[in-house]
Amino acid sequence: MYEPLGIVNLEAMGCEAPVVASDVGGIPEVVVDDQTGLLVHYDADEPGQFEADFATAINKVIADPALARQMGRAGRQRAISDFGWDRIAGRTVEVYEQAQAVHGS
């Protein structure tokens, strides 16, 4: 199981939904465990354990509406501040400026 970024998680966060996701690939770059959602460890050798842990994490969020709201709000804020178009455009300009500085005009 691999996910380079986890755009679906970012989209959910943008909608103020708390996220429960696996801790593979780029997902931990998007989802902050215990803040914007819950990350569940995935081990290909223990798929049954992952399934049980994933269900437990989902049940934890569902059983605590205040926690779900808190994670949802934190997720939306993170989606806007770290992955919004203003941030992406600014970072893109930085990359081009660095490339120009290294390789000339």
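**From a loop residue to the helix packing**

Asp34 is found in the loop between H2 and S2. The model in which this residue sits is a predicted one. Phi of Asp34 is near 65°, a positive value although the residue is not glycine. Most residues other than glycine have a negative phi. At 52% relative accessibility, Asp34 counts as exposed, because the exposed class covers values over 50%.

A second residue with a positive phi is Glu16, which follows helix H1. Its phi is likewise given as near 65°, again in a residue other than glycine. Glu16 lies in the loop between H1 and S1, and with a relative accessibility of 41% it counts as partly exposed.

The loop between H1 and S1 also holds Ala17. Ala17 is partly exposed, its relative accessible area being 26%. When neighbours within four places in sequence are left aside, Ala17 is in contact with Ala12 and Gly72. The C-alpha atom of Ala17 is separated by 8.6 Å from that of Gly37, a residue 20 places away along the chain.

Helix H1 itself spans residues 7-14. Its buried residues are Asn9, Leu10 and Met13. Viewed down the axis of H1, these buried residues fall within an arc of 100°, so they line one face of the helix. They pack against S1, helix H2 (27-30) and H4.

Apart from neighbours within four places in sequence, Asn9 is in contact with Val19, Ala21, Ile27, Val30 and Val31.

The packing of H1 on H4 can be described next. Two packed helices are described by the angle between their axes and the distance between the axes. For H1 and H4 the angle is about 115°, and the axes are 7 Å apart. H1 is therefore roughly perpendicular to H4. The crossing in which H1 passes H4 is left-handed. On the H1 side, Leu10, Met13 and Gly14 take part; they meet Gly72, Gly75, Arg76, Arg78, Ala79 and Phe83 in H4.

Helix H3 comprises residues 47-63, 17 residues in total, and reaches 24 Å from its first C-alpha to its last, close to the 24 Å expected at 1.5 Å a residue. The buried residues of H3 are Phe50, Ala57 and Val61. Seen down the axis of H3, they fall within an arc of 35°, so one face of the helix is lined by them. The face turned away from this buried side carries the exposed residues Glu51, Thr56, Ile62 and Ala63. The buried residues pack against strand S1 (19-22), strand S2 (37-40) and helix H4 (65-83).

H3 and H4 form a further helix pair. Their axes come within 5 Å and cross at roughly 100°, and the two helices are therefore roughly perpendicular to each other. The contact involves Lys60, Val61, Ile62 and Ala63 of H3, together with Pro65, Leu67, Ala68 and Met71 of H4. Val61 belongs to the buried residues of H3, whereas Ile62 and Ala63 are exposed residues on the face turned away from its buried side.

How values were computed. Residues numbered from 1 in each chain as written. Predicted model: local features only at pLDDT ≥ 70, side-chain atom pairs only at ≥ 80, totals over all residues. Heavy atoms only, no water. Helix = DSSP H or I, 4+ residues; strand = E, 2+ residues; numbered from the N terminus. Expected span 1.5 Å × (residues − 1). Buried < 20%, exposed > 50% of the residue type's maximum accessible area, 1.4 Å probe, protein only. Arc of directions from axis to C-beta. Contact = heavy atoms within 4.5 Å. Axes fitted to C-alpha atoms, helices over the stretch in contact; angles between N-to-C directions. Parallel < 35°, antiparallel > 145°, perpendicular 65-115°, else oblique. Left-handed = near helix turned anticlockwise from the far one by under 90°.
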